[in-house]
Amino acid sequence: METVLLGRITLNPNVGHGKPTVRNTRYLVEGLLEYLAAGDSIDEVLEAFPDLEQEDLLACIQYALATLKVKSANLAA
């Protein structure tokens with residue numbers, strides 16, 4: 001499941017200034033995580049952005065986790 005979710009996160013220098021986005025759209029992973037971190041529920045974010053899917057937000061969370069794991073591993077080395 002992790003690989004499938006992470007496949008929704010794209011890096012394209014021509015979209016979102018090269019930052020991670022959801023499905024090569026204008027939705028930045030960072031921005032969506034900010035909504036969730038501020039206390040918005042997944043349902044509230046989906047209501048605000050109806051072209052997103054629950055799996056997109058789960059992919060953002062999974063991407064953040066994977067990024068932390070890599071950074072933590074580099075710090076321990």
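Which residues is Gln-62 in contact with, leaving aside its neighbours within four places in sequence? In this predicted model, Gln-62 is in contact with Glu-2 and Leu-6. The protein as a whole has four helices and two strands, and the points below set this contact within that arrangement.

**Overall architecture**

- Read from the N terminus, the elements follow the order α-β-β-α-α-α.
- The radius of gyration is 13 Å, close to the 11 Å that the globule rule gives for 77 residues, so the protein is as compact as a globular protein of that length.
- Along the principal axes, the C-alpha atoms occupy a box of roughly 40 × 30 × 25 Å.
- Of the contacts between residues at least 6 apart in sequence, 42% join residues at least 24 apart.

**Surface and charge**

- Of the 77 residues in the protein, 27% are buried.

- Gln-62 lies in helix H4, which spans residues 54-76.
- Is Gln-62 buried or exposed? Its relative accessibility is 17%, and because buried means under 20%, Gln-62 counts as buried.
- Glu-2, one of the contacts of Gln-62, belongs to helix H1, which covers residues 2-6.
- Glu-2 has a relative accessibility of 43% and therefore counts as partly exposed, a value between the cut-offs of 20% and 50%.
- Glu-2 and Ala-66 are 64 residues apart along the chain, and their C-alpha atoms are separated by 9.5 Å.

**Helix H2 and the residue after it**

- Helix H2 comprises residues 29-37, and Val-29, Leu-32 and Leu-36 are buried in this helix.
- These three residues cover an arc of only 70° around the axis, which means that they are on the same side of H2.
- An α-helix has 3.6 residues a turn, so residues three or four places apart point the same way.
- Gly-39 follows H2 and has a positive phi, near 110°.

Terms used
Residues numbered from 1 in each chain as written. Predicted model: local features only at pLDDT ≥ 70, side-chain atom pairs only at ≥ 80, totals over all residues. Heavy atoms only, no water. Rg over C-alpha atoms; globule rule 2.2 N^0.38 Å. Buried < 20%, exposed > 50% of the residue type's maximum accessible area, 1.4 Å probe, protein only. Contact = heavy atoms within 4.5 Å. Arc of directions from axis to C-beta.
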